[in-house]
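Here is a short tour to read with the model open beside you. Take it one stop at a time.

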Amino acid sequence: MSATPLTWGGRSIPAPGGLPAVAVSLTGPSLAQARSQARSAIDAGADVLELRVDLLEETGALAAPDPLDAATAAAQVLECLRGLGEIIAADGADAGAGAPLLLTCRTAAEGGRAHLDDTAYGSLLRSVLDGLTDWTPERRPAAIDVEVQRGCLPQVCAQAHALSIDVVASSHDFEATPADEALEEVLARMAREGADLAKIAVWPTTADDVARLLGVCARATAGAGEGTGPGVLVAAMSMGALGAVSRVAPAFGTALTFAVVPDGQGQSRASAPGQLPIQDVRRCLELLRA
């Protein structure tokens, strides 16, 4: 089964020419700052905006030891989405001015701030999707991130797809780079459970770890074209300074990479270790185009 390119808000994932689409995470910490980051990211040419709702002050209950019930927490998330609406959606008079949104609530278990157990996490995502039912398609996020280890991926995929929202399944390891076979099984699981894009981010301790991660991505991408891969698009990144090359190496087939832009105070807040400025990422991708 071949991996089919995705279209988010009129943007191709991966980008034209086989280059990975470049996403910028909106890390806040306030919604007003996220809005400023969004404008800067769009001006800098970001293909995708990732809203990290777990990092916003307006959704602070997600980071509390005893978070609010799913419906109340979902209401906070939806209010943040409304606050970005006019930036995300490009209307007919200003076509191309917006950018598709990837909605992400990262748990503490995978490097985020949301203190949610598996049940609460799944309930939150499903409640958010319930709340999006009555929204017009152009106001909805193009995709939603789901941590595969939380166990709710099949259910969230079914609900999201009914709303024409794609699903990015994600897996993060901030301590090591698992064996190739383990990484390949995670990708296969993501595909089996309905994801449209499979994302793995791992921590390297040696250059060999980075090379192995790139090899897993390359085999998965080549295999998709031959009917032997996972059958979905893959985004693979090796974190930290040692793994920075994985973010700018288009020949290995990653469909999506992440970069940073300065905020209104000139500071760049990365959502994960090793993210590079968007201008550097763009320049490297062009130089290293296969």
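The sections below cover the model, a helix, an arginine and the nonpolar cores.

## About the model

This is a predicted model, in which local features need pLDDT of at least 70, side-chain atom pairs count only at pLDDT 80 or more, and totals for chains, interfaces and linings use all residues. Residues are numbered from 1 along each chain as its sequence is written, and side-chain values use heavy atoms, leaving out hydrogens and water.

## Helix α8

Let's start with α8, residues 278–287 (helices are DSSP runs of H or I, at least four residues, and strands runs of E, at least two, numbered from the N terminus). Ile278, Val281 and Leu285 are buried here (under 20% relative accessible area, 1.4 Å probe, protein chains only). They lie on the same side of α8 because they cover an arc of only 60° around the axis, taken from the directions from the helix axis to the C-beta atoms.

The buried residues of α8 pack against β3 (21–26), β10 (256–260) and β11 (276–277).

## Arg150

Next, look at the loop between β6 (143–147) and α5 (153–162), where Arg150 is found. Arg150 is buried, with a relative accessible area of 14%. Its side chain makes a polar contact of 2.7 Å with that of Glu147 (a pair of N or O atoms within 3.5 Å, one able to donate a hydrogen and the other to accept it; residues adjacent in sequence count only if both atoms are side-chain atoms).

## Nonpolar cores

The largest nonpolar core has 70 residues, of which Leu49, Leu51, Leu132, Ile144, Val146 and Met190 touch the most other members (a core is a set of buried Ala, Val, Leu, Ile, Met, Phe, Trp, Tyr and Cys residues joined through side-chain atoms within 4.5 Å). Apart from it lies another core of 20 residues, including Trp8 and Phe258.

Key:
Buried < 20%, exposed > 50% of the residue type's maximum accessible area, 1.4 Å probe, protein only. Contact = heavy atoms within 4.5 Å.
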